[in-house]
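Student: Please take a close look at one part of this model with me. Tell me what lies beside it and what surrounds it.

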Amino acid sequence: MIDAMDFSLLALSSPGWGGALLAGFLRSVELAAGGYLLGLVIGLLGATAKLYGGRVLRDIAEIYTLLIRAVPELVLMLLFYYVGTDLLNKLMGAMGREGIDIDGLSAGILVIGLVQGGYATEVIRGAIRAVPPGQIEAALAFGMSPLKVLRRVTLPAMTPHALPGMANLWMIATKDTALLAVIGFSELTLVTKQAAAATREYFLFFIAAGLLYLALTLISNLGLRWLERRARRGLPAAA
Amino acid sequence: MNDATPAVEIRDLHKHFGRLEVLKGISLTARPGDVVAVIGGSGSGKSTMLRCINMLETPSAGEIAIHGEAYAMRPTRDGGLEPADRRQLQRIRAQLGMVFQNFNLWPHRTVLGNVIEVPVQVLGMPRDEAVARARQVLDRVGLAEKEDAYPAHLSGGQQQRCAIARVLAVEPLAMLFDEPTSALDPELVGEVLNVIRDLAAEKRTMILVTHEMGFARDVASHVVYLKDGRIEEQGPPEQIFGDPRSPHLQQFIRSIA
């Protein structure tokens, strides 16, 4: 089988599909990174809302995480993408403005970010609860404002506890981008499918795509390990 | 404000947790330079009283004033009190320094980082100045060599000395010690007590909740014995330890001697 594979099909320029594959890969990384960062921001807000918010904020965060984690991601993505843009356009129309055209990248990032945010909220909430309350109490006792306590004590102290879970979420984000193929994003999976269908070399292209995803994971691992070492400095070696 | 203004004044302090009444009307005054030792059995309310002074616990009733300024309080729905003015609360708290039983250093910052944190972030001191002052106080507590270490890499005694340096760096009106040696291995207690003893000798105002009776006797200018949420007896250390009147206090002193 390997002998029969025509590796020239992976050449960067036409008629090779390598360039298209790489472009799809970059699009996947963009979607994952953007969605992940958005998810991180939502997660920080969601976790603080759940832990320190008033009743209304807490309930909103609760419903959000419940729904996100209850519904399959693919369904959520279809829902956010089709229903979301539709609603947004109707809303703009009702306000007398013309419908806006959300570009694909932003829409994709939004969709992934909204899903990631639900999980990130829970990861960060757990990490904040793992911070010994005495550290927060000490900051309050010295007259720090609650917001400053959050920024200077709670968030940095919770980071080492959040990192393993957040690293996991990054891995999931890179793979969730493949689900966007269903909506028609030219990310790695969709491009791979097109290349495979056009050349009938399914094995070759899907192996190549798999290797690209693997490479992303391996590189990410290096970065995450570095981050974890950095965040854990000052903590006892074994934990 | 003259020198007669008490550094800390507590008037008729009550505190209950649910139906459990922990403090049943405590009045206590610490003038500048006083070293007040608070002793008593576990559950007598001594830590709760101390934590009311900087509002880590909010009193159910009563008044607390720091250097003549009383905390503005307002009633809560469940019949207690809460601080009414967050800015005032933060301002008063920044004038008090607390040393905790479990040190409560910030683990993600170095020894130096812990000591400059409040001066820079709360008092708005320029960083250079804060670092210079931090080095002075670290030298005082014998941690000059350790400024780049993280708390987890220090012994308990060193961590507590760092916590004391963190308090000294804010030049507080009064220092609050909440059983500062109770979490330490016996051989590390001495180094922390020595630091506190030096500070007491400098006439710094302190309120010290402690189980170290010999130490309280040595350094305190005034000793308060708490029993079941009330001050049962108070006076100079010679009187409290040498000639206790209340039978409870007599028994308490016998039991730890």
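Tutor: Strand 3 (residues 35–40) of chain B runs parallel to strand 10 of chain B, and four bridges join them. Strands pair when DSSP finds at least two bridges between them. Strands here are DSSP runs of E, at least two residues long; helices are runs of H or I, at least four long; both are numbered from the N terminus. The model is predicted, so local features need pLDDT of at least 70 and side-chain atom pairs 80 or more, while totals for chains, interfaces and linings use all residues. Residues count from 1 along each chain as its sequence is written, and chains are lettered from A and ligands numbered from 1 in written order.

Stay with strand 10. B:Val38 stands opposite B:Val209 there. Strand 9 (residues 174–178) of chain B also pairs with strand 10, again in the parallel sense, over four bridges. In that strand 10, B:Ile207 stands opposite B:Leu176. Strand 9, helix 6 (residues 186–201) and strand 10 of chain B make a right-handed β-α-β unit. Right-handed means that, with the strands pointing away from you, the path from the first strand over the helix to the second runs clockwise.

Now the side chains. Strand 10 covers residues 206–209 of chain B. B:Met206 and B:Leu208 point one way, B:Ile207 and B:Val209 the other.

Step back to the core. The largest nonpolar core has 135 residues. Such a core is a set of buried Ala, Val, Leu, Ile, Met, Phe, Trp, Tyr and Cys residues joined through C-beta atoms within 7 Å. B:Val36, B:Val38, B:Ala165 and B:Ile207 have the most contacts inside it. Its largest share, 12 residues, comes from helix 4 (residues 104–129) of chain A.

Last, the record. UniProt, in an unreviewed entry, lists residues 8–253 of chain B as "domain: ABC transporter". Its positions use the numbering here, feature names are shortened, and annotations may be inferred rather than shown by experiment. That span is 37% helix and 27% strand, and its end C-alpha atoms lie 27 Å apart.

How values were computed. A residue is buried if 20 or more other C-beta atoms lie within 10 Å of its own, exposed if 12 or fewer, and partly exposed in between; C-beta atoms are placed from the backbone.
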